[in-house]
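Subject: The structure for you to look at

Hello,

Here is the structure I promised to pass on. Please open it beside this email, and then read on for what turned up in it.

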Amino acid sequence: MASASRPRNSRLPVAVLVVVAGSLGVAPAGPVAPPAQARLVGPVSLFLTRSLQIAFENAARKLSDEGCMNALAEFSDSQGRSLAEVLAATGQTGREYLSQLFFFDGTATRPCQNNASLAWTSPGSRAIFLCGQRFAQIARRDPDLASFILIHEEFHSLGLGENPPSSAEITFRIASRCR
C-alpha cells in the first residue's frame with residue numbers, strides 16, 4: 001500500500017540510494033545474471049508452471065555455486081567422460097545449460113505412472129518430463145528437493161545413466177553438494 005505522505009511517482013528514494021552508494025565507493029559486483037526462466041512446452045497447468053519456476057530459479061541459483069558444480073565430476077556418461085567434461089564441451093555453465101532444457105508435462109507418460117516418479121528424461125536428451133501435479137506439489141512443499149530433482153535431470157541430459165547409480169543415490173549426492 002502506498003503511503004499518503006509520499007507522491008506516487010517520487011524517485012527520491014532511488015536517487016538518494018544512488019548518491020549514497022556512489023559516495024561510499026560502492027561499485028556493482030559485476031554483471032548480474034538475468035533471472036532464470038524455465039522453458040515450458042505444450043499445455044501446462046498454471047500450478048505446474050509456477051511451481052516449476054520456483055524450483056527452476058532455486059536450481060539455477062544452486063548451479064551458480066562451485067561446490068554444486070563439483071558434483072559433475074563425480075558422475076560419468078556412458079563413454080566414461082565426467083559430466084564436468086561433457087558440460088565444458090558445450091561451452092556453457094551449469095546454469096546456462098539448465099536454461100537450454102525443455103520441460104513438458106509428462107503426467108500421461110509411462111514413467112510418471114509410477115507414483116514415486118517426479119520427473120524423467122533419457123540420457124543425452126534436453127526434454128525433461130515432469131510428473132505434473134506430483135512434481136508441482138513437491139516444488140511447493142520442498143523447493144530444495146524440487147531443485148535437486150531438476151539438477152538430477154540435468155545430469156541425465158548431460159549423459160548420466162541410471163542403475164548404477166540409483167536414482168536415490170544421484171539425488172542424495174546432488175543434495176549433499178548443492179546446499
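Where is the place of Pro 165? Pro 165 sits in the loop between helix 7 and helix 8. Before going further, please keep in mind that this is a predicted model.

**The loop with the prolines**

The peptide bond that runs from Asn 163 to Pro 164 is cis, with omega near 0°. The next one, from Pro 164 to Pro 165, is also cis, and its omega is near -15°. Asn 163 is not a glycine, yet its phi is positive, at about 65°. As background, most residues other than glycine have a negative phi, and most peptide bonds are trans. Asn 163 has 59% relative accessibility, so it counts as exposed.

**The disulfides**

How many disulfides does a search of the whole structure find? There are 2. As a reminder, a disulfide is a covalent bond between the sulfur atoms of two cysteines.

One of them is formed by Cys 68 and Cys 178, with the sulfur atoms 2.0 Å apart. This link is right-handed, with 80° about the S-S bond. Cys 68 is part of helix 3 (residues 66–69), while Cys 178 falls in the segment after helix 8 (167–177), so the bond ties together parts that are 110 residues apart in sequence. Cys 68 and Cys 178 are both buried.

The other joins Cys 112 to Cys 131, again with 2.0 Å from S to S. Here the angle about the S-S bond is -80°, and the link of Cys 112 and Cys 131 is left-handed. Cys 112 is in the loop between strand 2 (102–105) and strand 3 (119–120), and Cys 131 is in the loop between strand 4 (127–130) and helix 6 (132–141), so this pair ties together parts that are 19 residues apart in sequence. Cys 112 and Cys 131 are buried as well.

If you count the bonded cysteines along the chain, the disulfides follow the pattern 1-4, 2-3.

**Aromatic rings**

The search of the whole structure also finds 4 aromatic pairs. Among them is the pair of Phe 56 and Phe 103: the ring centres are 5.9 Å apart and the planes are at 90°, so the pair is edge-to-face. Phe 56 comes from helix 2 (residues 46–63) and Phe 103 from strand 2, so the contact ties together parts that are 47 residues apart in sequence. Both of these residues, Phe 56 and Phe 103, are buried.

How are the rings of Phe 104 and Phe 129 arranged? Their centres are 5.3 Å apart and their planes are at 25°, so this pair is stacked. Since Phe 104 lies in strand 2 and Phe 129 in strand 4, the pair ties together parts that are 25 residues apart in sequence. Phe 104 has 23% relative accessibility, so it counts as partly exposed. Phe 129, at 21% relative accessibility, counts as partly exposed too.

Ring pairs also bring in Trp 120, making a cluster of Phe 104, Trp 120 and Phe 129. Trp 120 is in strand 3, and with a relative accessible area of 21% it is partly exposed. The C-alpha atoms of Trp 120 and Ser 157 are 9.8 Å apart, although 37 residues separate the two along the chain.

Elsewhere, a charged side chain meets a ring: Arg 173 lies over the face of Phe 75, at 4.3 Å from the ring centre.

**The largest pocket**

The largest pocket has a volume of about 290 Å³. It is lined by 15 residues, and the closest to its centre are Leu 118, Ala 119, His 152, Glu 153 and Ser 167. Strand 3, helix 7 (143–157) and helix 8 are the elements that give two or more residues to the lining. Which element gives the most to that lining? Helix 7 does, with 5 residues. By type, the lining of the largest pocket divides into 7 nonpolar, 6 polar and 2 charged residues.

Happy browsing, and best wishes

Terms used:
Residues numbered from 1 in each chain as written. Predicted model: local features only at pLDDT ≥ 70, side-chain atom pairs only at ≥ 80, totals over all residues. Heavy atoms only, no water. Disulfide = S-S within 2.5 Å. Helix = DSSP H or I, 4+ residues; strand = E, 2+ residues; numbered from the N terminus. Buried < 20%, exposed > 50% of the residue type's maximum accessible area, 1.4 Å probe, protein only. 1 Å grid on protein atoms, 1.4 Å probe; cavity = no way out; pocket = protein on both sides within 12 Å on 5 of 7 lines; lining within 4 Å. Points joined across faces, edges and corners; volume = space filled by probe spheres on them. Nonpolar A, V, L, I, M, F, W, Y, C, P; charged D, E, K, R; others polar. Phe/Tyr/Trp six-rings, centres within 6.5 Å; stacked < 30°, edge-to-face > 60°. Lys NZ or Arg CZ within 6 Å of the ring centre and 35° of its normal.
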